[in-house]
Amino acid sequence: MKRRTKFQLMTATIVLLIALVGGSFYMIEYSLRRHLPDKFSRETRFTHVVSGNPEIKPWVDSLQKYKLIHDTIVKMQNNERQHAMFVYANLPTTKTAVLLHGYHDNGTDMMQIAHIYAQMGYNLMIPDHHAHGESEGKMIQMGWKERVDVLRWMAIADSLFSDSIGHSRQVVHGISMGAALTMCVSGEDTPDYVKCFVEDCGYTSVWDEFNNQLKAQFGLPPFPLLYCASGLNKLIYGWSFGEASPLKQVAKCHKPMLFIHGDNDNYVASKMVFPLYKAKPGAKQLWIAKGSAHALSYHDHRQEYTNIVKKFVSRYISSSHSVQRSMSPSARH
């Protein structure tokens, strides 16, 4: 009888372990596997973003009509090809915005934010992150390992938009996962030409975000599934959910940062912005968008959002720097 009981316990333990590992693999696949490649044309994707942001239609139509959107492909991590769009400002300038999109989006989903900076006379660099849009990659990295890619995109933007007497002057602006990525980048040793950051509804860590979603979507606690999935992800893909921490990264950032979050955000909990803001040393500003759900602060408060961003960024990227280079319209476009 004792031998049978011991065998039953061992069998139950093995079954539970198999179920746990299987569930962990499922969680990783469910959360991090890229969507099917985007088969829609860029014109179709622009039509989609313009339908929700009609104020940008004349600008987007002009970009398309005069072929002002340029593409670049660069080999990044694991020798994978990563894609970005870039747009020169109407007049030669070193002022540049690097714009980082969210989870399961692509660069075209940042066009309403790009329009803000176009109005300010900025050049634009808009990458598709690893495993998103036209960039290669099978597994999403939630804004953690992509920080290395963004440092490279910053350098490429600087090479494109510098002038004969100095470097570009850059702001990095991200939404949702792109905001987490912005904060992760901010904790690195960024070049002097990066002047400030704007993060809109980013999370404190991948662990915290997955923990919230595990509870909200499946009613499950973090133990044991999240622990096992994080360990497996570290083993297979080289990073754990806990180490992917915008909170720890932003604590190392000494450049100015604007924090934006809707107070009705249930996807990336609104309360996450407060420890992020508190952890950030030095110059910073916080704006809470009243009534806004996740990533809808601009949609709900277009003029206020635009004014706050323009005022903050202009404080750190002055317009007094004159451009000395000679650039013909054909060369710029």
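## A buried serine in a loop

Ser-240 has a relative accessible area of 16% and is therefore buried (buried means under 20% relative accessible area, exposed over 50%, and partly exposed in between, with a 1.4 Å probe and protein chains only). The residue belongs to the loop between α8 (225-237) and α9 (246-250); helices (H or I, at least four residues) and strands (E, at least two) are DSSP runs, numbered from the N terminus. Leaving aside residues up to four places away in sequence, Ser-240 touches Ser-230 and Lys-234, where contact means heavy atoms within 4.5 Å.

## Basis of the description

The model is predicted, so local features need pLDDT of at least 70 and side-chain atom pairs count only at pLDDT 80 or more, while totals for chains, interfaces and linings use all residues. Residues are numbered from 1 along each chain as its sequence is written, and side-chain values use heavy atoms, with hydrogens and water left out.

## Helix α4 and its neighbours

Helix α4 (residues 111-119) is largely enclosed by the rest of the structure, because 7 of its 9 residues are buried. The buried residues of α4 are Met-111, Gln-112, Ile-113, Ala-114, His-115, Ile-116 and Tyr-117. After α4 comes Gly-121, which has a positive phi near 85°.

Two packed helices are described by the angle between their axes and the distance between the axes. The axes of α4 and helix α12 (residues 302-316) come within 11 Å and cross at roughly 50°; axes are lines fitted to C-alpha atoms, for helices over the stretch in contact, and angles run from 0 to 180 degrees between N-to-C directions. The helices α4 and α12 are therefore oblique to each other (angles under 35 degrees count as roughly parallel, over 145 as roughly antiparallel, 65 to 115 as roughly perpendicular and the rest as oblique). Their crossing is right-handed, a term used if the near helix is turned clockwise from the far one by less than a right angle, with left-handed for anticlockwise. On the α4 side, Ile-113, Ile-116, Tyr-117 and Gln-119 meet Tyr-305, Thr-306, Val-309, Lys-310 and Val-313 of α12.

Helix α3 (residues 57-65) also packs with α4: the two axes come within 10 Å and cross at roughly 90°. This pair is therefore roughly perpendicular. Trp-59, Val-60 and Leu-63 in α3 meet Met-111, Ala-114, His-115 and Ala-118 in α4.

## Aromatic rings and charges

Across the whole structure, a search finds 14 aromatic pairs (rings of Phe, Tyr and Trp, the last by its six-membered ring, pair if their centres lie within 6.5 Å; planes under 30 degrees apart count as stacked, over 60 as edge-to-face and the rest as tilted). Tyr-117 and Tyr-122 form a tilted pair, 5.6 Å centre to centre with 55° between the planes, and both residues are buried. The pair of Tyr-298 and Tyr-305 is edge-to-face, because the ring centres are 5.5 Å apart and the planes stand at 85°. Tyr-298 is buried, with a relative accessible area of 6%, and Tyr-305 counts as buried at 0% relative accessibility. Tyr-26, Tyr-30 and Phe-218 make up one aromatic cluster.

Charged side chains also lie over rings. The charged end of Arg-147 sits over the ring of Trp-144, 3.8 Å from its centre; a charge sits over a ring if NZ of Lys or CZ of Arg is within 6 Å of the ring centre and within 35 degrees of the ring normal. Lys-284 lies over the face of Tyr-277, at 4.6 Å from the ring centre.

## Met-125 in strand β4

Met-125 is located in strand β4 (residues 123-127) and counts as buried at 0% relative accessibility. Not counting residues up to four places away in sequence, Met-125 touches Ala-84, Met-85, Phe-86, Ala-97, Val-98, Leu-99, Trp-153, Ile-156, Ala-157 and Leu-160. The C-alpha atoms of Met-125 and Gln-170 are separated by 9.9 Å, with the two residues 45 residues apart along the chain.

## Backbone features in the loops

Most residues other than glycine have a negative phi, and most peptide bonds are trans. The bond from Phe-223 to Pro-224 is cis, with omega near 5°, and Pro-224 lies in the loop between α7 (206-218) and α8.

Asn-78, in the loop between β1 (70-75) and β2 (81-87), has a positive phi near 55° and counts as exposed at 67% relative accessibility. Ala-295 has a positive phi of about 60° although it is not a glycine. The loop that holds Ala-295 runs between β8 (284-289) and α11 (297-300), and Ala-295 counts as partly exposed at 33% relative accessibility.
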